[in-house]
Amino acid sequence: MAMAKKKAQLSVYLDPDLMQALSAYAARRDQSMSLIAEAAIASFLSPDADERKEAAIAKRLDQQDRRLARLERDVGIGVETLALFIRFWLNTTPPLPESAAKAARAQAGARYDNFVATLGRRLNEGPKLRQEIPDDQERGSPDRNNTSE
C-alpha cells in the first residue's frame, strides 16, 4: 500500500491587512487559513489562470465597447436633431421686414435665455430624447422581427 505524500511546509510573511483579511475569510468559510492559501496559490499557478484573466479583460472591453457605441449613438442623435431643427427653422421662417427685424433682435436674447433654461431643466429632470428613441439592439431583436405571427 502506497503512502500519501506529506505536504511541505512553507512560511510566508504577509502584510497585516492581508493577514487580517485571510483570517476573516477563513473564519467565514469555516476553513483553515492554510487550505485557503493553498487554494489561492494553486489558482494563481494554474494554466487556466491566464485564460480567466483574459476572459475578464475581454468582458470589460466588451462593456467599454457597448458604452462607447451608446455614446456614439447619443452624439449622433444630438447632431441629427440639431441639423433637422436648423433646416426646418430656416425653411419655415420667412425673412422679416426691416422694421420688425430690430424688434426681433431685441427678443432674441430673451428667447435664447428661455431656451437654455428649458434645456437645463430637461437635462436635469428628463426624460431624455435618447430614452424616447429605441436602441438598434431592440429593433434587431427576434421578438420584433418575428414574422410568424
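Leu10 sits in the segment before helix 1, where helices (H or I, at least four residues) and strands (E, at least two) are DSSP runs numbered from the N terminus. The model is predicted, so local features need pLDDT of at least 70 and side-chain atom pairs count only at pLDDT 80 or more, while totals for chains, interfaces and linings use all residues. Residues are numbered from 1 along each chain as its sequence is written, and side-chain values use heavy atoms, with hydrogens and water left out.

Leu10 has a relative accessible area of 63% and is therefore exposed; the classes are buried under 20%, exposed over 50% and partly exposed in between, with a 1.4 Å probe and protein chains only. Leu10 belongs to a nonpolar surface patch together with Val12, Leu14, Leu18, Met19, Met33, Ile41, Phe44 and Leu45. Together these residues have about 900 Å² of accessible area, computed by the Shrake-Rupley method with a 1.4 Å probe. Helix 2 supplies the largest share, four residues. Patch residues have over 30% relative accessible area and no salt bridge; nonpolar side chains (Val, Leu, Ile, Met, Phe, Trp, Tyr) are joined within 5 Å and like charges within 9 Å. A salt bridge is a side-chain nitrogen of Lys or Arg within 4 Å of a carboxyl oxygen of Asp or Glu.

A positive surface patch consists of Lys59, Arg60, Arg66, Arg67 and Arg70. Lys and Arg count as positive, and the place of the charge is NZ of Lys or CZ of Arg. Of these residues, Arg67 lies in helix 3 (residues 49–92). Its relative accessibility is 45%, which means that Arg67 counts as partly exposed.

The structure holds one aromatic pair. Tyr112 and Phe115 form this pair, which is tilted, at 6.5 Å centre to centre and 40° between the planes. Rings of Phe, Tyr and Trp (its six-membered ring) pair if their centres lie within 6.5 Å; planes under 30 degrees apart count as stacked, over 60 as edge-to-face and the rest as tilted. Tyr112 is exposed because its relative accessible area is 52%.

Taken as a whole, the chain has six helices and zero strands. Buried residues make up 6% of its 149 residues. The accessible surface comes to about 13,900 Å², of which 59% belongs to carbon and sulfur atoms.
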